[in-house]
Amino acid sequence: MFTGIVQGMAQVVAIEKKEKFQTHTLKFDPEQREGLAIGASVAHNGCCLTVTRIDGERVDFDLMQATLALTNLGQLSVGDSVNIERAAKFGDEIGGHSMSGHIAVVAEVTEVVDSPNNRTVWFELPPDVMKYVLAKGYIGLDGCSLTIGEVRDNQFCVHLIPETLNRTLFGQRVPGDKINVEVDPQTQAIVDTVERVLAQRAQ
């Protein structure tokens with residue numbers, strides 16, 4: 001489980017490509033490596049991956065074909081960075097909302113609006129996912145737990161403070177970028193239940 005409170009960014013320093021499979025090597029700083037062990041779960045742009053090797057500051061993760069195809073991790077190159085969150089431990093403060101690290105879909109950044117001390121970013125999603133996006137609800141974007149601002153048609157926005165822009169990739173995002181999305185599971189459960197009940201009543 002993750003909380004959506006990104007702890008920082010880590011740079012991709014090597015990518016080993018195999019058939020329908022990749023190993024990504026990231027450079028972790030001392031704080032990110034503290035207590036890290038093989039088999040631990042770490043979210044990369046919100047996608048849960050498992051540590052397979054640790055060599056000093058270099059940490060390896062294996063990515064299956066489905067992960068590469070369904071998330072923005074398949075677009076990474078050496079030198080790129082990802083948002084990092086270590087798995088939550090029992091007793092940790094949950095400052096965001098509960099997240100599984102399972103990506104539902106990739107959204108596209110459509111607009112970035114900068115103003116003093118904050119940034120508003122707009123995203124577009126397919127209609128079958130937008131039904132889970134509600135104004136003032138929660139959403140996971142590249143591993144960040146964020147509150148949804150406005151919703152219009154197949155687009156929604158979030159408002160980002162300087163701390164989020166400094167700690168995450170959102171300070172660098174531009175229109176056309178692809179962002180990993182994890183919808184709030186409670187919202188999804190409620191929407192799916194209501195749809196199912198209404199469909200049964202209509203029969």
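Guide: Buried means under 20% relative accessible area, exposed means over 50%, and partly exposed lies in between. The model discussed here is predicted.

Visitor: Why is cysteine 48 called partly exposed?

Guide: The relative accessible area of cysteine 48 is 28%. That value lies between 20% and 50%, so cysteine 48 counts as partly exposed.

Visitor: What makes cysteine 144 buried?

Guide: Cysteine 144 has a relative accessible area of 3%. The cut-off is under 20%, therefore cysteine 144 is buried.

Visitor: How many disulfides does a search of the whole structure find?

Guide: The search finds 0. For cysteine 48, the nearest cysteine sulfur belongs to cysteine 47 and is 7.2 Å away. A disulfide needs two cysteine sulfur atoms within 2.5 Å, so cysteine 48 is in none. Cysteine 144 is in no disulfide either, with the sulfur of cysteine 47 as its nearest, 14 Å away.

Visitor: Why does methionine 130 count as buried?

Guide: Its relative accessibility is 7%, which is under 20%, so methionine 130 is buried. Methionine 130 belongs to helix 3, residues 127–130. Beyond its neighbours within four places in sequence, methionine 130 has contacts that include Leu125, Val151 and Phe156.

Visitor: What makes valine 194 partly exposed?

Guide: Valine 194, in helix 5 (residues 185–202), has 44% relative accessibility. Because 44% falls between 20% and 50%, valine 194 is partly exposed. Together with Ile190 and Leu198, Val194 makes a nonpolar surface patch of about 290 Å².

How values were computed
Residues numbered from 1 in each chain as written. Predicted model: local features only at pLDDT ≥ 70, side-chain atom pairs only at ≥ 80, totals over all residues. Heavy atoms only, no water. Patch = residues over 30% accessible without salt bridge, like charges linked within 9 Å, V, L, I, M, F, W, Y side chains within 5 Å. Areas by Shrake-Rupley, 256 points an atom, 1.4 Å probe, with all protein chains shown as cover. Salt bridge = Lys/Arg side-chain N within 4 Å of Asp/Glu carboxyl O. Helix = DSSP H or I, 4+ residues; strand = E, 2+ residues; numbered from the N terminus. Buried < 20%, exposed > 50% of the residue type's maximum accessible area, 1.4 Å probe, protein only. Contact = heavy atoms within 4.5 Å.
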